[in-house]
Every structure is written in C-alpha cells, then in structure tokens.
Amino acid sequence: MPEHATTAVAPEAEPLLRTRGLSVHYGGVTANADIDLTVGAGEIVGLIGPNGAGKTTFVDAVTGFARSSGEVILSGRRIDRSGPHRRRRAGMARTWQAGELFSDLTVAQNLAVAVQPVGLRAMVADVINGSRPPAGVVEKALDVVGLTDVADRRPDELTLGQQKLVGVARALVGDTGLVLLDEPAAGLDTHESREFGGELRRIAATGVGILLIDHDMSLVLDVCDRLYVLDFGRVIAAGSPAEVTRDPAVVAAYLGSAEVEAEPDTPTDGQASGESTATESTATESTTTESTATESTATEETR
Ligand SMILES: Nc1ncnc2c1ncn2[C@@H]1O[C@H](COP(=O)(O)OP(=O)(O)OP(=O)(O)O)[C@@H](O)[C@H]1O
C-alpha cells in the first residue's frame, strides 16, 4: 500500500509495528485514545492495565477488527485502511482471549485450519480441490514453539501449557512477523507460566515481534523488553519493566499501593502523565493483577 506510506524514515530503522494516534470510540466511550506504540522485530512488548483499560480494543484496532482512527504501520507501510485478512497476509496475527482449540482435530490440523484462505473463490477452490496450507508452514510454526512431537495429538492429550502454545503457533503459521497475544497464559499455574514465558522468549529470538497482554505480572515482567501501561484508554507510562513498576501513576492505577510504599523514593518515569484518575484500583495478588479500576471502562466523552 505505497500510497499510504507517509514516513521518511528508512525502512530498516522502522520498527515492525508502529501506531500513531490510534483511537477507538464506542459510542460515547473512548476505548483507545491517541496511542503511540512500537514493537520491534524480536522484541516482546507488554501491554498492561486494569480491566476495561482498552488493551483488547488496541489489538482489535491494530488487527482491523475495530474501527479506529490514527495510523497503523507494519514494517514501514500503513495498513490502517486494510481489512483484517489483508493485515493477516501482511504478516500480523493475533490470538483471542477465548481461543479454544478444535477438540476433534489434531494439533497440526488446528494450525492448518487457521491458514485456510477466505472468500468465495477460496471456498469454490476448496470444494473442487480440497484446500491445504502451503507445504511446510504448519511444521515450521510447530517447530518454532517446540510442539513438533505432538503434531498428531489432540488438544486434550496435551498439558494446558502446550495447549496455550498451540494457540500461539496458530497465530505464527504463515509469514507472521508480529503476533499480538491476548491473555495467552490465562489459567496457567506459576510453573506452567514460567515455561510458557521461556517459549515466548525463544519465539522472539527467531525475529518475531510479540505484543503481549496478560494480567500475570510475573510472566509480563519476566519476558517483556518494554511495557506500555493503559488506563482509561490512554498510555499512562511506557518503559522497561523496572521503570514502569516504579512509576507512581502505574502503581496507583494498576499495581496497587503496596509497591508505592515499598519504594517511596523511586524517581518517576518521565513518560508517565499522571493523568490517571483511578483511585480504588487495588491489585493485591502477587502475580496476577486483575484489578477493575473504579469505573475503569475508559473515559466517558463529554459532548
Ligand atoms: N464492542 C464494544 N462495544 C462497545 N464498547 C466496547 C466494546 N469493546 C470494548 N468496549 C469498551 O471499551 C473499553 C475497553 O475495553 P477492553 O475490552 O478493550 O479493555 P481491556 O483492557 O482489554 O479489559 P480486560 O483486561 O478486562 O480484557 C471498555 O469500556 C469496554 O466496555
């Protein structure tokens, strides 16, 4: 889509994903407000925040499932006017919060159905010829997540951690350079989550960029190179896990007050706006933070 190319920056200097001023409105609710975010190749970037902060909406907007304004740039090319399937073909894929696997298909078949072409022509070709994914793409994705050995098993024969990895592999199948993972570790215990995190790092080491949404803070802090924190649809902080977790605005909006008290003298990250008005959002669990910020269902626009 060269007609949308707007940046003078050399392509090699461009991150894999860049959003500029990405905004989503649902009626009077601003679910995402002017989000600027980047993900580089081989990088794991976390997107965290209270329930209703706008994380899934951001993934919906980037992948074309939610109507948005602003720019979505993949490898230097604007794709924000393309539909979800074109964005998928351009090299980005997502997982869904309720990403159940087909229980009566094998692992390999679960991946194969994810790359079936869509549209009338594809449907006709499917009826006439029977469609198969291009040779090797399923095997490659299984290899990347380390599931080659269980390709012919059914999901219920796998551990929960392996099932979660099948979900990730399904997104990786084909020429996927960027995956957006929406709570991919939900339901995993501490040990499984740690192993899952190790796999994410191995996937990123192959050059894939990962945007990770999860409430499991141990996982997020462990595997992410950088974090963005959303509250009421806005980025209230961005930086390394260490920087973000020390940020008073983040602590107030999401992490709970315990950390503030633990580190009273820690300097504020310069990127924090301190705009958060969430006051009751307490997250007391040590690893999983699922705070529902007071009315943190994004900013109500006054019209
Ligand atoms: N399809 C929709 N129609 C209307 N409002 C929506 C829609 N999807 C999300 N919202 C609203 O947008 C805001 C952001 O929701 P979103 O699901 O993106 O938050 P989230 O950070 O992913 O939350 P969680 O951590 O619970 O998954 C919320 O106020 C939500 O109610």
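How far apart do the C-alpha centres of domain 1 and domain 2 lie? They lie 24 Å apart. Some ground rules before more numbers. This is a predicted model, where local features need pLDDT of at least 70, side-chain atom pairs count only at pLDDT 80 or more, and totals for chains, interfaces and linings use all residues. Residues are numbered from 1 along each chain as its sequence is written.

Now the domains. Domain 1 takes 13-91 + 178-256, and domain 2 takes 97-176; such bounds come from an automatic or database domain assignment. Across the boundary, 19 residues of domain 1 are in contact with 15 residues of domain 2. Contact means C-beta atoms, placed from the backbone, within 7 Å. On the domain 1 side, α7 gives the most, with five residues. That side divides into nine nonpolar, five polar and five charged residues. The classes: Ala, Val, Leu, Ile, Met, Phe, Trp, Tyr, Cys and Pro are nonpolar, Asp, Glu, Lys and Arg are charged, and the others, Gly among them, are polar.

Next, the helix pair. Helix α6 (residues 160-172) packs with helix α7 (residues 190-205) at about 30 degrees, axes 9 Å apart. Helices here are DSSP runs of H or I, at least four residues, numbered from the N terminus. Axes are lines fitted to C-alpha atoms over the stretch in contact, and angles run from 0 to 180 degrees between N-to-C directions. Who touches whom? From α6, L160, G161, K164 and L165; from α7, E192, E195, F196 and E199. By class, that contact has three nonpolar, one polar and four charged residues.

Methods. Helix = DSSP H or I, 4+ residues; strand = E, 2+ residues; numbered from the N terminus. Contact = placed C-beta atoms within 7 Å.
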